Amino acid sequence: MYYSKLLIPTLKESPADAEVVSHKLMVRAGMIRQMAAGIYSILPLGLRVLRKVEQIIREEMNQIGGQEVFLPSVQPAELWAESGRWDFYGKELLRFKDRNDREFCYGPTHEEVITDIVRREVKSYRQLPITLYQIQTKFRDEVRPRFGIMRGREFTMKDAYSFHATEESTHETYSSMANAYSRIFKRCGLDFKMVEADSGTIGGNFSHEFVVLASSGEDCIGFCNSCDYASNLEKAETKTSPINTESPLPEDLNEVATPKKKSVEEVTQFLRVSPNTLIKTIIFETDQGLVAGLVRGDREVNPVKLKNLVGCEWLIPASENLIAKTTGLPCGYLGPVGIKLKVFADKEIPPMSNSIAGANKIDTHLTGIQFKRDLKVEKIGDIRSVNEGDPCPKCKSGKYKIKRGIEVGHIFILGKKYSESMQALYLDDQGKEKPMIMGCYGIGVGRTAAAAIEQNHDEQGIIWPISLAPFQAVILPVNFSDDAVHSAAKKIYKSLWELGVETLLDDRPDRLGVKFKDAELLGIPIQIIVGPKNLGDGKIEIKLRKTGESQLISFPEEIAYISTILSEL
């Protein structure tokens, strides 16, 4: 391709609203342009990158037996009503009516549609297992779209769905899918981790995320510095730590005046005790009413873990006004003793003795709290957030490290959530009807490309992994109007395409400095500089974008050597 014939509208400055590197560089490199909040047009170079990601995904999905389909993006409300998600999904679901006043949505995901297809077409256990996938546009009406195509409202996604007769078969496909995802992200040149995760609104009871490590990531993951355990912080397991049981306070339940002392730090300093002797009581609003979560004073409640322990559909921190209006209790002095709410305690609470908590009275705390004697708890479980340095729950010597990351893939075992509600049944070998067991597997195509930029860039621009680069090589003639340079550049261009090397020839009349800056910005892995001086010595210059290393090779004898360089990148 000739540079002058391509639409590559590069910019010198980053857009004012761009917060992360990938957004800035994709706009500057002329790969994307915003049409509306969270909605982007993909320009030629950007589309070449996305197609590279898609091709890698297709090859790996086909290798494990996936069959590609293309499903409607517009979905009837009736299907979502069958699964129970029409009323539950929330404002992210873009809903509308057609001219006949029938309700539809623009699909944010396709569990209902694929389940409807399979329940119509698959009737026997002999037709199972089956895995269907698509690469298609989705729309989720995010309240705050940001980070360019990394968190847009409209985006391209690979979503796959598997249907099974047995749990064993489901786990076999899940394992195959996990391995395929690992190969996909390795081929995309990404540094990533597969982490345990919460299933969220999709449902299911077993899931993992694939997270690209990057300081700009919205998610935090915890992983062991000794073994291979890793998890999203929403699900990261904890190990109960020893606590300081020494206290100068009596073991009997007593009220103690704590005037204007509300925070953990204020109360513990006033009473001269360690924060791990305090029980922190946090009130949350749920679809089942208000609930209380208990953790040690030196811990924080993990809302996702608490939601799962409560078994509610949604859970958010309760406002002080709601707490006061509903319970009449004073915030800052809340405690679990005698509270008229369902109480859910972290697993570190029961071993505590002679504890301290709010007395549910202004300027007052209780001391000498004994778990079995004084507390009425609905359930006990792991509901606290992990901290860096906490002991690993899986090995003896490891400690948690916490890093930010970008979720690029997510796999779930859905179980029978959709097949039971939508009656996706099959006949087993005894002729009995049973609901199919399902799995669900997604990859964000644009997110993967953006994550690659977050991990591979410098002050000059993008440094594409060779597998995702829009072109593998770019030819930079010092002066394209010079006959010798012009002839050599075209010869190199023709030879490289014949060798299967995707090559961009910068035929613009601009100065070499301008061409260099654009080449650095676009991040094409190999730069081939063709100048009259080197040509006079029978040489051309090869420069690697990633390292900046350059070398002279003989021209035209060693043009094929460029293919060798590519194979080593």
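Me: Let's begin with K5: buried or exposed?

Reply: K5 is exposed, as its relative accessible area is 70%. Here buried stands for under 20% relative accessible area, exposed for over 50%, and partly exposed for what lies in between, with a 1.4 Å probe and protein chains only.

Me: Thanks! Where does K5 lie?

Reply: K5 is in the segment before α1 (21–28). Helices are DSSP runs of H or I with at least four residues, strands are runs of E with at least two, and both are numbered from the N terminus.

Me: Good. What should I know about the model itself?

Reply: This is a predicted model, in which local features need pLDDT of at least 70 and side-chain atom pairs count only at pLDDT 80 or more, while totals for chains, interfaces and linings use all residues. Residues are numbered from 1 along each chain as its sequence is written, and side-chain values use heavy atoms, with hydrogens and water left out.

Me: How many helices and strands does the protein have?

Reply: There are 15 helices and 31 strands. The C-alpha trace spans about 95 × 65 × 50 Å along the principal axes, and buried residues make up 53% of the 569 residues.

Me: And what share of the contacts comes from residues 24 or more positions apart?

Reply: Counting contacts with a separation of 6 or more, 69% are between residues 24 or more positions apart. A contact means heavy atoms within 4.5 Å.

Me: Let's switch to L290. Which strand is it in, and what does it touch?

Reply: L290 belongs to β15 (residues 289–296) and counts as buried, at 13% relative accessibility. Leaving out residues up to four places away in sequence, L290 touches I283, F284, E285, A318, L322, T326, T327, L341 and K342. The C-alpha atoms of L290 and I316 are 9.7 Å apart, and these two residues are 26 apart along the chain.

Me: Nice. Which peptide bonds are cis?

Reply: Two to look at: the bond from L128 to P129 is cis, with omega near 0 degrees, and so is the bond from F555 to P556, with omega near 5 degrees. P129 sits in the loop between α4 (111–121) and β7 (130–139), and P556 in the loop between β31 (550–554) and α15 (561–568).

Me: What about phi of D101 and of N360?

Reply: Phi of D101 is near 65 degrees, a positive value in a residue other than glycine. N360, also not a glycine, has a positive phi near 60 degrees. D101 is in the loop between β5 (94–97) and β6 (103–106) and counts as exposed at 54% relative accessibility. N360 is in the loop between β18 and β19 (364–369) and counts as buried at 15%.

Me: Last topic: which element gives the largest share of the lining of the second largest pocket?

Reply: That is β14, with five residues. α6 (264–271), β14 (279–286), α8 (320–327) and β18 (355–358) each supply at least two residues of this lining.
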